[in-house]
Amino acid sequence: MDFRISADDRVGAQPNRGAKPQARAAKGSRVEPSLGQSVGGFVDDERSGGPIGGGNGGGGKPPRGKKPARAEKQPRRGKAETAKPKKRRSRSGGFLMGLLWWGFVACLWGGLAVIAVIVYYGAQLPSSNGWAIPDRPPNIRILAADGSLISNRGQTGGEAVTFRELPQYVPAAFIASEDKRFMSHFGVDPIGLLAVAVESVQARGVTRGASTLTQQVAKNLFLTPDQTLGRKVQEAILAIWLEQNFTKEEILELYMNRVYFGAGATGIEAAAQTYFGVSARNLSLGQAAMLVGILPAPSAYNPKANPQRAIERQRIVLNVMAQEGYITREEADAAQIDPAQSNVRTVVAGSESYVADWVESLMTAYIGEIKDDVVVQTTIDWKMQKDAEFIVKEAVANEGSKRGFSQGALVAMDVNGTVRAMVGGVDYQASQYNRAVTAKRQPGSTFKPFVYMAAMEKGYTPDTLAEDAQFEYKGWSPRNASGKYAGTVTLRQGLAYSLNTIAGRLAIDVTPEKVIEVATRMGISSPMTPVPSIALGTQEVNLLELTSAYAPFANGGMGVIPNVITKITSKDGTVLYEASDAGPGRVVDPNVLNEMNDMLETAVEVGTGRGANLGGWAFGGKTGTSQNARDALFVGYTSAMVTGVWLGNDNDTKTTLSGGNVPAAIWSEFMTKAHAGRSPVPIPSGSYQGQVVAQQMVDPTTGQALIDPTTGQPQVQYVDGGTGQPVQTMTDPATGRVVAIDPATGQPIQGLAPAGGGSMNPPIQTGQMTDPTTGLPVDQGFGQPQQFNAQGQAIDPVTGYPLQTDGNAGFNNSAPIDPQTGLPMMLVVDPATGQQVWVPSAPATAQPMQGQPVQPSSPFAPPAGIGEEPVYQNQRSQRTLMDLLFGN
């Protein structure tokens with residue numbers, strides 16, 4: 001069916017069924033549009049004056065009774081139709097719509113660009129499957145003997161602490177100051193970014209950073225500090241990853257433990273210890289605010305470098321905390337430091353830091369590479385350490401300007417080598433150079449005991465006479481410091497008054513190589529050159545080794561290894577290292593030890609060390625002053641402790657010091673405090689107690705050694721060195737050592753060190769032993785383990801007679817042995833006959849010929865008998881040594 005709609009049927013058309021089709025308008029006349037045709041404007045009835053479709057444009061005639069509209073009115077009606085204000089509104093709306101449209105397009109493209117940048121820089125990061133928090137550098141926590149903290153060492157300077165170990169205001173200070181919306185954002189803070197952008201536009205420059213705490217953690221853990229677009233994009237990506245994989249508490253803990261606070265402190269614990277000397281667990285509100293205030297510029301805001309700025313930053317942080325509601329205004333005001341205050345009370349790194357540095361340097365040797373936090377227990381006595389620090393500082397402050405020195409060092413240890421105190425300098429903050437361990441200086445006359453010990457081992461005694469006079473040896477001519485010479489003196493006097501000529505003669509006589517061997521055996525580890533001037537302490541050593549080398553004089557003759565570490569454990573308590581009592585064993589023959597203590601006690605009683613004093617305690621020691629007094633030392637000991645003191649200048653300039661003045665005074669003051677409350681104990685004498693000693697058997701009727709008829713060898717028995725009682729022995733086939741056994745059980749007797757070649761504490765062999773009949777070394781001639789008599793002297797296993805040292809100048813190599821003392825006899829010239837005669841060299845029997853003085857054949861003469869005055873070549877030498885040396 002075909003439906004057609006006429007024009008009259010259109011909506012709004014007037015019924016005019018008789019109307020005829022409209023004729024085409026003449027050219028140039030106006031045509032009124034009708035509904036359904038193209039319309040240039042939209043006009044209602046009121047504006048047109050008639051219904052729609054009326055007029056010529058409607059195609060019908062005008063109603064009767066009304067005049068047709070005049071032709072000139074048509075243009076007016078046309079103008080009314082073209083609504084100009086409506087066109088202006090259309091253009092304005094189009095501009096806004098266009099602006100919105102292009103804004104949308106720009107945002108779309110901008111978003112795509114941002115996504116592209118994120119994808120580009122994100123693709124440069126490793127796969128997120130491999131992302132992990134890097135391990136924090138290990139911390140070394142160093143404790144004193146009583147468990148108090150000495151210091152933390154390592155890259156961070158402090159151990160990590162957990163979030164819950166800290167007072168609540170510590171993390172609150174970080175959040176309030178560094179990232180107010182930390183608890184609510186997703187790793188990146190859009191609000192913060194917008195605020196910074198607005199501030200920067202207003203200020204026409206970047207005002208502050210917009211990184212969140214999480215972004216800072218990401219930067220510190222994974223990225224370089226470069227300020228580039230790529231790094232910032234990667235920082236944001238990693239921050240979002242951190243927020244997705246860790247709690248807010250864990251992220252804040254990471255931040256607090258890894259952020260840098262200046263002064264070498266990384267982490268809140270290190271900062272608390274560095275600036276305030278307390279654990280972060282015990283920080284006050286004001287201290288916590290000051291530490292957080294450091295973070296924007298650690299080098300400029302830390303309280304040590306700039307206390308005024310630190311106080312100002314503290315005030316800002318406390319105010320922000322109050323504004324954010326973490327503390328009250330009253331708490332903020334109470335925690336603030338008075339702005340008028342010019343300084344902030346911070347902890348000062350003391351002398352214990354020298355100990356900490358030394359301990360840190362030993363760690364690799366003790367446990368290898370450190371991968372996790374460790375705790376080191378040391379031997380340091382905290383009170384002694386602080387006493388030593390104070391005494392050295394006071395002495396330098398009071399005497400330094402007068403005597404021209406600016407530095408000092410002190411080492412104190414128990415007689416077994418356990419270090420109790422160490423001062424490496426006057427001010428650790430000004431200089432971290434350790435003058436007790438690292439610095440090597442000339443020891444001066446404190447080295448002479450090793451020269452004299454070599455002489456005692458050669459057979460000389462403290463009463464052996466020597467000539468104090470100038471001499472020249474291969475271009476070297478030692479001089480006494482006083483410029484005066486006493487003539488003939490005993491070796492005891494030579495050491496007590498530190499006569500350079502006597503020490504020089506001894507060094508030449510025993511050879512410099514022998515002096516080095518003795519010094520090394522006693523504990524000197526620095527390399528030394530064998531020259532005669534070694535006798536005067538010209539070879540450089542450090543104070544630590546020099547002090548430890550005196551310990552055998554104090555402990556009965558046993559060598560020691562200086563030790564400051566007793567135990568090293570991991571943080572969970574696993575023992576990684578523990579000190580043992582093992583040591584070098586006996587390094588001084590008991591007889592020689594007694595002689596050395598005799599001379600060193602004389603040195604502090606009447607000699608150069610008489611300025612030292614220690615009420616009630618027996619002690620020995622030696623002063624030392626290097627050339628031009630560039631170094632002044634005193635090393636002394638009791639039965640409980642050994643202490644060495646050094647004073648001088650880092651630039652090696654001369655002073656007016658001597659070892660017997662300020663160093664001896666420092667030693668006395670420190671040792672008096674260190675021995676307070678202890679009962680005096682004598683210095684141990686030389687003894688073979690605790691050792692199995694070989695003793696030759698003698699026929700009581702003939703006085704000759706008993707010979708075993710089956711072997712033809714002298715018979716030897718083994719005795720307890722302490723009691724002299726024979727013991728039953730057996731030879732250990734694995735070691736060749738002779739071990740004392742209990743006859744009831746057949747087991748080794750505990751507490752008696754074995755004898756023989758592998759003994760832990762064998763008597764010291766004083767040079768290469770030779771057979772007096774063959775001149776061959778003992779081991780080459782017989783190849784048997786060394787045997788010793790009750791006096792500790794090596795004996796020939798064939799003849800049973802004591803052996804003598806090779807190259808004993810002053811004593812002839814073929815000298816007969818005094819049967820009463822076992823010592824070689826001395827060859828001297830009888831001035832009455834001009835003949836050489838053998839005389840005993842021991843004090844009990846060495847008497848000169850009646851009425852005749854003895855003319856020595858070497859610079860050294862045998863001593864007089866007990867109770868007798870020695871016979872001098874020059875009677876003037878019988879004046880007191882003080883008169884001769886000091887003109888009294």
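The count of aromatic pairs comes to 14, where rings of Phe, Tyr and Trp (its six-membered ring) pair if their centres lie within 6.5 Å, and planes under 30 degrees apart count as stacked, over 60 as edge-to-face and the rest as tilted. This is a predicted model, in which local features need pLDDT of at least 70 and side-chain atom pairs count only at pLDDT 80 or more, while totals for chains, interfaces and linings use all residues. Residues are numbered from 1 along each chain as its sequence is written, and side-chain values use heavy atoms, with hydrogens and water left out. The protein has 25 helices and 25 strands, these being DSSP runs (H or I of at least four residues for helices, E of at least two for strands) numbered from the N terminus. Buried residues make up 45% of the 888 residues, with buried meaning under 20% relative accessible area, exposed over 50% and partly exposed in between (1.4 Å probe, protein chains only). Of the contacts in the protein with a separation of 6 or more, 64% are between residues 24 or more positions apart, contact meaning heavy atoms within 4.5 Å.

**Aromatic pairs**

- Phe447 and Phe450 form an edge-to-face pair, with 5.2 Å from centre to centre and 75° between the planes, and both Phe447 and Phe450 are buried.
- The ring centres of Phe553 and Tyr637 are 6.2 Å apart and their planes lie at 35°, so this pair is tilted.
- The pair of Phe553 and Tyr637 links distant parts of the chain, since Phe553 belongs to helix H21 (residues 551–555) and Tyr637 to strand E13 (residues 631–637), 84 residues apart.
- Phe553 and Tyr637 are both buried.
- Ring pairs join Phe447, Phe450, Tyr550, Phe553 and Tyr637 into a cluster.

**Nonpolar cores**

- The largest nonpolar core has 80 residues, of which Val376, Phe450, Tyr452, Met522, Phe553, Val564 and Val642 touch the most other members; a nonpolar core is a set of buried Ala, Val, Leu, Ile, Met, Phe, Trp, Tyr and Cys residues joined through side-chain atoms within 4.5 Å.
- Helix H16 (residues 448–458) gives the most to this core, contributing seven residues.
- When neighbours within four places in sequence are left aside, Tyr452 is in contact with Leu491, Gly494, Leu495, Leu499, Ile502, Ala503, Leu506, Met596 and Met599.

**Helix H9 and its surroundings**

- Helix H9 (residues 268–276) packs against helix H10 (residues 285–294) at an angle of about 110°, with the axes 11 Å apart; axes are lines fitted to C-alpha atoms, for helices over the stretch in contact, and angles run from 0 to 180 degrees between N-to-C directions.
- That angle makes H9 roughly perpendicular to H10, under a scheme in which angles under 35 degrees count as roughly parallel, over 145 as roughly antiparallel, 65 to 115 as roughly perpendicular and the rest as oblique.
- Ile268, Ala271, Ala272, Tyr275 and Phe276 of H9 make this contact with Gln287, Met290, Leu291 and Ile294 of H10.
- The contact of H9 with H10 has eight nonpolar residues, one polar residue and no charged residues, where Ala, Val, Leu, Ile, Met, Phe, Trp, Tyr, Cys and Pro count as nonpolar, Asp, Glu, Lys and Arg as charged, and the others, Gly among them, as polar.
- H9 is mostly covered, with eight of its nine residues buried, and the cover over these buried residues includes strand E2 (149–154), helix H4 (169–178), helix H8 (248–258) and H10.
- Gly277, which follows H9, has a positive phi near 70°.

**Helices H4 and H8**

- H4 and H8 pack at an angle of about 90°, with their axes 11 Å apart, and that makes H4 roughly perpendicular to H8.
- In this contact, Val170, Pro171, Phe174, Ile175 and Glu178 of H4 meet Leu252, Tyr255 and Met256 of H8, and the residues divide into seven nonpolar, no polar and one charged.

**Individual positions**

- Gly264 lies in the loop between H8 and H9 and, at 44% relative accessibility, counts as partly exposed.
- The C-alpha atoms of Gly264 and Gln155 are separated by 8.2 Å, although these residues are 109 apart along the chain.
- Thr602, in helix H22 (residues 590–605), counts as buried at 13% relative accessibility.
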